[in-house]
Amino acid sequence: MINIDKKHMKSSTLNGVYETISELIGFDNAVKLYENFRGNQVNFPQKLFSKEFVLQEAIKAYDGTSKSINRIATKYNYSERTIRDWIKEQLDEILEKEK
């Protein structure tokens, strides 16, 4: 970690976006991000959870109703159509394997 006098370890001493990051996750964590990603352009996807994880959760929660699809879509910020398509693909794969 960067060696800095403790009295300077505050968000307001950081440049631009690092100040905001420091306010959100703390000074030490902002420095860790800086040390690991400085000079890189980082893109944060809109979807936090992976397709595989969401599909697993959708299959567990799916009870054959639109309401269950709506719940999982809302919870993980995916469209109902996407969740429905993923479940259908998964079920089709299972049926294909059983043949």
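Guide: Buried means under 20% relative accessible area, exposed means over 50%, and partly exposed lies in between (1.4 Å probe, protein chains only). Helices are DSSP runs (H or I, at least four residues), numbered from the N terminus. This is a predicted model: local features need pLDDT of at least 70, side-chain atom pairs count only at pLDDT 80 or more, and totals for chains, interfaces and linings use all residues. Residues are numbered from 1 along each chain as its sequence is written, and side-chain values use heavy atoms, with hydrogens and water left out.

Visitor: Which residues of helix 4 are buried?
Guide: Helix 4 covers residues 66-76. Its buried residues are Ser68, Ile69, Ile72, Ala73 and Tyr76.

Visitor: Within what arc do the buried residues of helix 4 fall?
Guide: An α-helix has 3.6 residues a turn, so residues three or four places apart point the same way. The arc is taken from the directions that run from the helix axis to the C-beta atoms. The buried residues line one face of helix 4 because, seen down the axis, they fall within an arc of 130 degrees.

Visitor: Which residues are exposed on the other side of helix 4?
Guide: The buried residues of helix 4 pack against helix 3 and helix 5. On the other side of helix 4, the exposed residues are Lys67, Thr74 and Lys75.

Visitor: At what angle do helix 3 and helix 4 pack?
Guide: Two packed helices are described by the angle between their axes and the distance between the axes. Axes are lines fitted to C-alpha atoms, over the stretch in contact for helices, and angles run from 0 to 180 degrees between N-to-C directions. For helix 3 (residues 51-61) and helix 4, the axes are 9 Å apart and the angle is about 150 degrees.

Visitor: How does that angle class helix 3 against helix 4?
Guide: Angles under 35 degrees count as roughly parallel, over 145 as roughly antiparallel, 65 to 115 as roughly perpendicular, and the rest as oblique. The angle here is about 150 degrees. That makes helix 3, relative to helix 4, roughly antiparallel.

Visitor: Which residues of helix 4 make the contact with helix 3?
Guide: Contact means heavy atoms within 4.5 Å. Helix 3 brings Phe53, Val54, Glu57, Ala58 and Ala61. Helix 4 brings Ser68, Ile72 and Tyr76.

Visitor: At what angle does helix 3 pack with helix 5?
Guide: Helix 5 covers residues 80-98. The axes of helix 3 and helix 5 are 10 Å apart, and they pack at an angle of about 80 degrees. That makes helix 3 roughly perpendicular to helix 5, at about 80 degrees.

Visitor: Which residues of helix 5 meet helix 3?
Guide: From helix 3 come Lys51, Val54, Leu55, Ala58 and Ile59. From helix 5 come Ile83, Trp86, Ile87, Glu89 and Gln90.

Visitor: What is the phi of Asn77?
Guide: Asn77 is in the loop between helix 4 and helix 5. Asn77 is partly exposed, at a relative accessible area of 48%. Its phi is positive in a residue other than glycine, near 60 degrees.

Visitor: Which residues of helix 2 are buried?
Guide: Helix 2 covers residues 27-37. What covers its buried residues includes helix 1 (17-25). Those buried residues are Phe27, Ala30 and Val31.

Visitor: Is Ser11 buried or exposed?
Guide: Ser11 is in the segment before helix 1. Leaving aside neighbours within four places in sequence, Ser11 contacts Glu19, Ser22, Glu23 and Phe27. At 17% relative accessibility, Ser11 counts as buried.

Terms used. Helices (H or I, at least four residues) and strands (E, at least two) are DSSP runs, numbered from the N terminus.
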